[in-house]
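Please have the sequence and the structure open while I speak.

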Amino acid sequence: PRSTLFPYTTLFRSQQIQDELNKLGAAFNLNFANTGGGISLTAKKENFKPALVLATQVLQDATFPNAEFEEIRSAEIKGMEGQIKDKSAQANNAWSRYGNPYAKGSPRYNYTLEEWLQEIKSVTRDQAFDFYKRFYGAQNAQVSLLGPVDQKEYGQIIAVALDHWTAPEVWKRIEQPLVARTPARLVYDTPDKTNVSLSAYHGIALGGKVLDPDEYSLALPSRIFGGGPGSRLWTR
């Protein structure tokens, strides 16, 4: 089944993949981090099946070409260097680090922006590729389909494409308990900047082993009054 389901045997580089997506009139976004990741795919109904096949192959058969890895690293370095010069980014980073009890090397440790820059500069393509191969698989994946699609048909396609894709490492949730922090007022003088940046933080314990129902009650007004330029607070 795999040989007939995966016709894109020569697609390894991002430009080849993008060309195929353009041909299909499809688009997908990848979002991966050290605790999980996902992919969102959109396409017209008549092209959704080949687009889905392409997306699942990209997930499983990624090769991490070194040249493109270096292009991404270069862009990340420039972005991080910009954040280091951005006093708002420095203020938010200071809050995220204040009272953090975890040692460097823990996934719950909050790096300084300067530390992040050094990590980006030092990581190798082989390290990133090894991490992906060890930790990413479909054994704990969730799939949602929205649109005029046949659930049974696409359920079978996804099963054939992903059922054999398993990660060697066993998945385990990283607990994120609320850390009590002593109230503090952090001030950083920036004489080279004329504007003032203010950030405030207040931690609220939610959830645990089961999702806390109060999370929805908190998320809704947060979306309405804050969180982005589309909120009411921003437009006022």
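This is a predicted model: local features need pLDDT of at least 70, side-chain atom pairs count only at pLDDT 80 or more; totals for chains, interfaces and linings use all residues.

A67 is partly exposed, because its relative accessible area is 44%, and the scale I use here calls a residue buried under 20% relative accessible area, exposed over 50%, and partly exposed in between, with a 1.4 Å probe and protein chains only. This alanine has its place in helix 4, where helices are DSSP runs of H or I with at least four residues, strands are runs of E with at least two, and both are numbered from the N terminus. Although A67 and R125 are 58 residues apart in sequence, their C-alpha atoms are 9.5 Å apart in space.

Residues are numbered from 1 along each chain as its sequence is written, and side-chain values use heavy atoms, with hydrogens and water left out.

As for the chain as a whole, it has 10 helices and two strands, and from the N terminus on the order of the elements is α-α-β-β-α-α-α-α-α-α-α-α. Its C-alpha atoms fill a box of roughly 60 × 45 × 40 Å along the principal axes, and of the 236 residues in the chain, 25% are buried.

Let me take some further pairs of positions. N29 belongs to strand 1, residues 27–33, and is exposed because its relative accessibility is 55%; between N29 and I39 there are 5.6 Å from C-alpha to C-alpha, with the two residues 10 apart in sequence. I224, in helix 9 (residues 214–225), is partly exposed at 32% relative accessibility, and its C-alpha lies 28 Å from that of A180, a residue 44 positions away in sequence.

Now to the aromatic rings, and here is the rule first: rings of Phe, Tyr and Trp (for Trp, the six-membered ring) pair if their centres lie within 6.5 Å, and planes under 30 degrees apart count as stacked, over 60 as edge-to-face, and the rest as tilted. By this rule there are nine aromatic pairs. One of them joins F64 and Y132, whose ring centres are 5.5 Å apart and whose planes meet at 50°, so this pair is tilted. It ties together distant parts of the chain, since F64 is in the loop between helix 3 (45–60) and helix 4 (66–85), whereas Y132 is in helix 7 (residues 125–135), 68 residues apart.

Is each of these two partners buried or partly exposed? F64 is partly exposed, because its relative accessibility is 23%, whereas Y132, at 9%, is buried. The backbone of F64 also deserves a look, for its phi is near 50°, a positive value in a residue other than glycine. Most residues other than glycine have a negative phi.

Ring pairs link F64, F129, F131, Y132, F135 and Y136 into a cluster. R125 lies over the face of F129, at 4.4 Å from the ring centre; a charge sits over a ring if NZ of Lys or CZ of Arg is within 6 Å of the ring centre and within 35 degrees of the ring normal.

Q60, in helix 3, is buried, because its relative accessible area is 6%. Its side chain reaches the backbone oxygen of A161 at 2.8 Å, where a polar contact is a pair of N or O atoms within 3.5 Å, one able to donate a hydrogen and the other to accept it within protein, and residues adjacent in sequence count only if both atoms are side-chain atoms.

I will finish with the second largest pocket, which has a volume of about 600 Å³. Of the 22 residues that line this pocket, the closest to its centre are K87, A91, L186, Y188 and S197. On a 1 Å grid over the protein atoms alone, a pocket is an open set of points where a 1.4 Å probe fits, with protein on both sides within 12 Å along at least five of seven lines, and lining residues have an atom within 4 Å of a point. Grid points are joined across faces, edges and corners, and the volume is the space filled by probe spheres set on the points.

Which helix gives the most to this lining? Helix 5 (residues 87–97) does, with seven residues. By type, the lining of the second largest pocket divides into nine nonpolar, seven polar and six charged residues, where Ala, Val, Leu, Ile, Met, Phe, Trp, Tyr, Cys and Pro count as nonpolar, Asp, Glu, Lys and Arg as charged, and the others, Gly among them, as polar.
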